[in-house]
Amino acid sequence: MRLRPWRQWTVRARIVVSVVALAGVALIAANAIGVGLLNWYLMQRIDDQLEHSAHPPAFVGRNPNPSPSASVTGGRRDRYSGEFFPGPLYQIYRFDSTGKLKEPPTVVLDPALFGDVRQRAEDPKPFTVTSPAGEDWRVIVFALPVPTGTAAGANGYGANAVSLVEIQDTRDRMLQYSLLVSLIVLGFAGFATASLVRVGLSPLTRMEETAVEIADGNLSSRIVDADPHTESGRLGIALNTMLTRIEEAVEDSADSERRLRQFLADAAHELRTPLTSVQGFAELYRRGGAPPGPALDEAMACIEAEVSRMRLLVNDLLTLARMDEERALQRHPVDLLAVAADSVRDAHVRVPTRFVQLSALDERSVTFEPVTVEGDEARIRQVVANLVSNALQHTPEDTRVVVRVGRATGDTPPPTASIGAPLPEGVPLAAIEVSDTGPGMKPEDATRVFERLYRAEGSRSRRHGGAGLGLAIVAAIVQAHGGRVELWTAPGVGTRFRVLLPAMDEPDFEDEPDGPDDDESGETGATEFRGNSEVD
C-alpha cells in the first residue's frame, strides 16, 4: 500500500508519529550515552586495577622471584598469596631482563602482541590489544620491583592482561535490554499519545460533526460542552456565536426575500388596478362608447385620476428606493412647530370638513414650546404630512385628529409597536405626535404597520385609497435622521404615532418680540382647524 504524503496525514496521526519519533530519538540518545558511560566506567575500573597491580604493595618483603601461575577463565589466583579471585579472564606474564618470556605454562594471549616490553615498562600505562580470535584485552607492562640500589629491570618485567570479553558482553547485553525497554516505552508512549490526542481533539471532532449537520441544512445545530478555559472550547464558543449569526442572517435573508416577493406582488396589484381602469376607459373610447361630450369628459377624468394614483405610488416607491440607497440628507435646523402648523393648515385645505387640532405636547401647557432639530426639512415635512394624511384617510368623518409638538419626556407607557434604534439616555429629544380617536388597530396589525404595502383592511377603512407605503416612508425617513417612531393603539381607543428626534439646544428668545401666534397675554392655546373657521 502506498504511503500518503505527510501533508495528507490527519492531525492525530501527525501528532502521534511526531511524539513517538521524538521519544525514540531521545531514548536512542539516552541509551547510547548510558552504554557509553557504562563502558567508560568499566574500562576505568579495569585500568585502575591494572595500574594497581603494576605497583602491588605485596611485593614488599616477599620473594622477588615468585613462581608464575596462569589464570583460569572466570577468575584469577593471586601469584603471591595463592588466593582465588572471581572476575574476568586474567593472564599474568613474567619476562626476564632482556624481555624474553620465561613462563607461564599456559599462554592465552600471545605476548608478541605487547611489543617491546622494556619500552612499555618505562611508562606503564594500560593499552588494548586484539587477539587473532578477535578478542580485546587490556594490558599493562611494568618492571618487577628490585631491591634498593639495583638497576631497573634487573629482576625482569611483568605483564598483566585482562580480557574485555565480559565488558563487551555486559555492554551488548545492556544495549539489548535498553532496546527492548525502549521499544516497550515507545509502544506505551504511542498508545498514551493516541489516547490523549483523541481526548484532546474530541471537541474538534464534535465541531466536524456539527459542521456536517449544518452542511446538511440543520442550522440550529450547536457545539455543546464548550469549555472557555481551553483553546478548543474557546473555538467552539466562537463557532457557536458565528453559527448563531449565520442562522440569524439566513432567517433575515429568507424573511427579506419573503417581504420582497410580497412587496412585488402588492406593488404589481396596486399598479394593475389603475392600469386596468385606464385600459377599460381607452377601450370604451375606441369602441365608441364614450362619444364627445359628458361621457368622454368623465372617461378622461377617470383616466387622469388613475394616472395620478399610479404616479403617487411610483413616487412613493422612488422615495423608499432613495432612502434605501442612504443618500445624504440636506441637514440644517428645522423648526418642528412651524412644520406641524403647516401640516395642519395643509390638511384643512385638502379636507376642509375634518377636525384637525394643533396642540402642545404637554396638554397642561397653554403655550407652544419651540423645538428645533437638525435634519432635512423637506423629509421631515413629508413625515408629518404622511402621518396626518394616514389619520384622515383611515378614520371616520367625525374623528378628531390632534398634532402635538414639544420636548419628549420619559414618562410614557411602553408602545404597542415601534421602529428604530433606542435613543441614548440624557440626550434631549423632540417629539411630534399625531393622534386620532378612530377605531384603532389590533396588536397584530400594529406590529406590521410599518411594513411596505401592508394594510390592515379589517380595522381601518380605505375610503381615500392608498397603497400602504406612507408609514413605511415615515419609518425610513425617521431612521435616516437617527430617530424612532412609536405607536400606541388598541381597538376602539384610536391611534397615536410619536416621532422622536434628537433636539438642538434652543436659543434664548426673551428679548425677541412676540410671534404672530401670541395673543395679548403672551399665551397661545391649541389651534383647531374645522371647515373654514379657526378656533383658539
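Student: Which residues of H1 are buried?
Tutor: The buried residues of H1 are Val 16, Gly 24, Asn 31, Val 35, Met 43, Ile 46, Asp 47, Leu 50, Ser 53 and Ala 54. Buried means under 20% relative accessible area, exposed over 50%, partly exposed in between, with a 1.4 Å probe and protein chains only. Helices (H or I, at least four residues) and strands (E, at least two) are DSSP runs numbered from the N terminus.
Tutor: This is a predicted model, where local features need pLDDT of at least 70 and side-chain atom pairs count only at pLDDT 80 or more, while totals for chains, interfaces and linings use all residues. Residues are numbered from 1 along each chain as its sequence is written, and side-chain values use heavy atoms, leaving out hydrogens and water.

Student: What covers the buried residues of H1?
Tutor: The cover includes strands S3 (90–95), S6 (136–143) and S7 (157–163), and helix H3 (165–200). Contact means heavy atoms within 4.5 Å.

Student: Switching topic. At what angle do H8 and H10 pack?
Tutor: H8 (residues 377–393) and H10 (residues 470–480) pack at about 150°, with axes 9 Å apart. H8 is therefore roughly antiparallel to H10, a label for angles over 145 degrees. Axes are lines fitted to C-alpha atoms over the stretch in contact, and angles run from 0 to 180 degrees between N-to-C directions.

Student: And Ile 432, buried or exposed?
Tutor: Ile 432 counts as buried because its relative accessibility is 4%. Ile 432 lies in strand S13 (residues 429–436).

Student: How far is Ile 432 from Leu 336?
Tutor: They are 96 residues apart in sequence and 7.6 Å apart in space, C-alpha to C-alpha.

Methods. Angles under 35 degrees count as roughly parallel, over 145 as roughly antiparallel, 65 to 115 as roughly perpendicular and the rest as oblique.
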